[in-house]
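Open the model in your viewer and keep the selection tool at hand. The stops below run from one chain to the other, and then to what the chains share.

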Amino acid sequence: MATYFPFLPEQGSRFATGVDTFYFSMVGLTIFFASLIFALILFFSVRYRRRSPREIGADIHGSLPLEIFWSVVPLVIVLGIFAWATELFFTRSNPPANTYDVYVAAKQWMWKVQHPEGISEINELHVPAGRAVKLVMTSQDVIHSFYLPIFRIKQDVIPGRYTSQWFQADKPGKYHLFCAEYCGTNHSHMTGWVHVMEPRDYQHWLSQAGIGTSMVAAGEHLFTSLGCASCHVRDCPPLQGLYGSSVALQDGRTVFAGEAYIRESILAPTAKVVRGYRPIMPTFQGQVSEEGMLQLLAYIKSLAGEAPGKVQK
Amino acid sequence: MSTTPLVPPQSEVKKNYLNAGYGIKSWLLTTDHKRIALLYLASITFFFLIGGLFALLIRLELLTPAGDLVTSETYNKLFTMHGVIMIFFFLIPSIPATLGNFLVPVMVGARDLAFPRINLLSWYLFVIGGVLAIYSMMAGGVDTGWTFYTPYSSVYSNTHVVVMIIGIFVAGFSSILTGLNFIVTIHTMRAPGMTWFRLPLFIWSNYATSLVQILGTPVVAITLALVAIERVFKLGIFNPTLGGDPVLFQHLFWFYSHPAVYIMVLPGMGVISEIISAFSRKRVFGYEFVALASIAISILGFLVWGHHMFVAGESVYSALSFSFLSFLIAIPSAIKVFNWTATLHKGSISFDTPLLYAFGFIGLFTVGGLTGLFLASLGLNVHVHDTYFVVAHFHYIMVGGTVMAYMGGIHYWWPKISGRMYPEGWGRLSALLVFVGFNLTFLPQFVVGYLGMPRRYHAYPPEFQIWNVLSTAGATVLGLGYALPLIYFFWSARYAAKAGPNPWGASGLEWQIDSPPITENFEVTPVITGPPYDYRKVLPQEEPVG
Ligand code: HEC
Ligand SMILES: [Cu+2]
Ligand SMILES: [Cu+2]
């Protein structure tokens, strides 16, 4: 019966359980207040129904204590809800360290997924259970939204920038992937599946899927073929140790070197110029595909651990 | 019914605003606010029918999981046009432009609005906007969703976006002009003795609405104009490949479109205050609090737009602020609900159709408001944003709230507008059908939304079907509930019993004049000597009650 008359989606992660607990509390609150109002209306309507045509009601103006009571009580309640919901949101917005990063490039009307090992898939996402997975996403055309109801998470996927979200699946299975932001004709067909696998099965799947060039290697290749390497070994800022650090800019600001900054540095290099360097880097707007960009990003991220200035001439 | 026996029908017909002139010119060139209200009533009823037809087709398509009734292109156009028509051409003008136009001058004790010709102009702008919208639909329609998100609307969609935008732009000016007219009228045309705190609550809520209309509408007009400019001249405003920012559009759009929710619901709240008072023959409990809550809502309403964008790449801290402010705005709405309920206490309650609609409003608005708290909750919003949960929530506010209030208001003031009663039994039946049908349509959508069904889906996984079938069944009942009044109002305008000036024993100024009123509303300018809702004056009692 449950399959035909479902009330609740399955819970695929600790976060999903947390969201459901919150949701049920809210449903309880709604039922309580709706019934309270309903009961009062019903009671008054029967008790004070009109008994003669010229009857009028009592001459009551109002009551300050009551007004204060029913302003302050709801205020306290909503502040409590706010705090609880915000705590949940912090969990979903702050991925743990050492996530397994998977890259998503959306376009009308498909999801292209690239695993760090170099394997790509379309409208499918294979992930290991028990491991925090972070999706780094961008779109090639319009805004989409990567929605995994099983984990109670979604995030808009926006052209021209990176957004990310993370989850940690706790049990294997095959679950829905939806596009939640209307994106044109086949929006409702921009769907797919997330396959959560036991870590061992996942390793097996990776090896089955064939040896692709890993994203880092593909990125390194691009780094050379696009001519980045010709500059970034000599008089240009070293990219080792860049990802995740803070960069001092020419104009005195400091910025956090995350995905967005690196992307901007490649597409609009003059927007934020590193202190001590001249703005000679050309823009690569239109020369790198979104997938290529993700590979470059993976490559630059892979240099995060290395000490600056280690590149050989 | 408390109808005091009427003066026997006079042989010669009394002069009133309806028989003051016949012929098409006397309507199309009228500057009488009451006639303009009727022009609006006819126009928005027309749009309501079109919007309803689209809703019907949407619900039929969703009966089965496969997208089999219409193509995806058509489906996308259906929900876009359903949204555009219902919001810009029905809900936004609904109460202010019809009941507001009719009642604002009467309730403040004036002969007309401050600028009668601008009032007529506003109707013409509405009609021009409407014609453009219909033209864009006939030429092939628009498929962007009523939200016109960029860069889809400004670059990728190849439908008739620009014409539709011009239509909305022009209609927006009609809304601005109505708001302006109300504000000036309420400030400058009040009858002697009509102080601010003697104004009926319907006036307070229309005043608050007008503020939002004149401050918010220009922003959406400019924003949509920018979309059209980007489309036509290929500029990079929202288009990221030309250096634009697609999310900027969402900020600008919701800066208006969230307050627009209050443009739709605040006038409804005003109607409910009037109805609850009239049918319990009691002052509105906590009058000042109800009045000031309207103003608080209209101000706070401008500070919460970011709650539509929690998963659109907004920073965690701006999400936090917008969530917090969204929780705060629940308080003035809660205050209103509690005060309405308290008004019933020790009242003299008569269950006529308007009150049944008002009860429906309170119930549905309460559920709509509380589910708004679900959406303001950051951690939960991530899951339910852009699903049917949101669809259900805003229909509870806009259909369960605004349309219920509108229907209640039309029934309540129908005797004043037409001079005749409507059939009470049929009226109660319609209120019941609307209430039951509404819940049956939209409660299942909360469930299927939480299950994860995204909105704007032409086809969906089979496990969601049962909820969609229930919803479609409910929509049928709902449709029937709306069809009834349409029929009996037409019948009543000709054949029903004469109403007399004050069939309800209500206290407002509008009930102290003829039904239908004369063109000038009042034979002599009224002088106000006390607070509103004083039923002892209307129905003097031998001995004090209570
Ligand atoms: C003509 C030389 C040149 C080329 C070619 C070049 N860059 Fe640069 N790049 C620079 C200079 C100079 C800077 C520092 C000034 C600035 O921020 O614009 C820089 C800055 C950067 C930064 C920011 C570094 C920091 O420390 O914040 C990144 C990331 C980057 N480049 C990546 C690339 C990539 C990827 C490519 C190839 C697609 C590339 N660059 C090609 C010269 C170049
Ligand atoms: Cu989509
Ligand atoms: Cu909103």
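Domain bounds here come from an automatic or database domain assignment. The model is predicted: local features need pLDDT of at least 70, side-chain atom pairs count only at pLDDT 80 or more, and totals for chains, interfaces and linings use all residues. Residues are numbered from 1 along each chain as its sequence is written, with chains lettered from A and ligands numbered from 1 in the order in which they are written.

**Chain A, by domain**

Select chain A and colour domain 1 (14-42 + 62-93), domain 2 (100-208) and domain 3 (215-302). Between the C-alpha centres of domain 1 and domain 3 of chain A there are 47 Å. Along its principal axes, chain A fills a C-alpha box of roughly 100 × 55 × 35 Å. The radius of gyration (over C-alpha atoms; the globule rule is 2.2 Å times the number of residues to the power 0.38) is 27 Å for chain A, whereas a compact globule of 313 residues would be near 20 Å.

Switch to a cartoon view: chain A has 7 helices and 12 strands. Helices (H or I, at least four residues) and strands (E, at least two) are DSSP runs, numbered from the N terminus. A residue is buried if 20 or more other C-beta atoms, placed from the backbone, lie within 10 Å of its own, exposed if 12 or fewer, and partly exposed in between. Of the 313 residues in chain A, 35% are buried.

**A:Phe223**

Next, select A:Phe223 in helix 4 (residues 215-225) of chain A. A:Phe223 has 18 other C-beta atoms within 10 Å, so it counts as partly exposed. Two residues are in contact if their C-beta atoms, placed from the backbone, lie within 7 Å. Leaving out residues up to four places away in sequence, A:Phe223 touches A:Cys228, A:Ala229, A:Leu296 and A:Tyr299. A:Tyr299 is 76 residues from A:Phe223 along the chain, with 8.4 Å between their C-alpha atoms.

**Chain B**

Move to chain B, which has 17 helices and 0 strands. A compact globule of 546 residues would have a radius of gyration near 24 Å, and the 23 Å of chain B agrees with that. In chain B, 62% of the 546 residues are buried.

Which residues of helix 10 of chain B are buried? Select B:Ala319, B:Phe322, B:Ser323, B:Ser326 and B:Phe327. An α-helix has 3.6 residues a turn, so residues three or four places apart point the same way. On the other side of helix 10 of chain B, B:Tyr317 and B:Ser318 are exposed. The cover over the buried residues includes helix 2 (64-93) of chain A, along with helix 11 (330-344), helix 12 (353-376) and helix 13 (378-384) of chain B.

**The nonpolar core**

A nonpolar core is a set of buried Ala, Val, Leu, Ile, Met, Phe, Trp, Tyr and Cys residues joined through C-beta atoms within 7 Å. The largest has 247 residues, and those with the most contacts inside it include A:Val104, B:Ile85 and B:Phe361. Helix 3 (residues 72-108) of chain B supplies the largest share of this core, 22 residues. Finish at A:Val104, whose contacts include A:Trp111, A:Leu135 and A:Phe146, not counting residues up to four places away in sequence.
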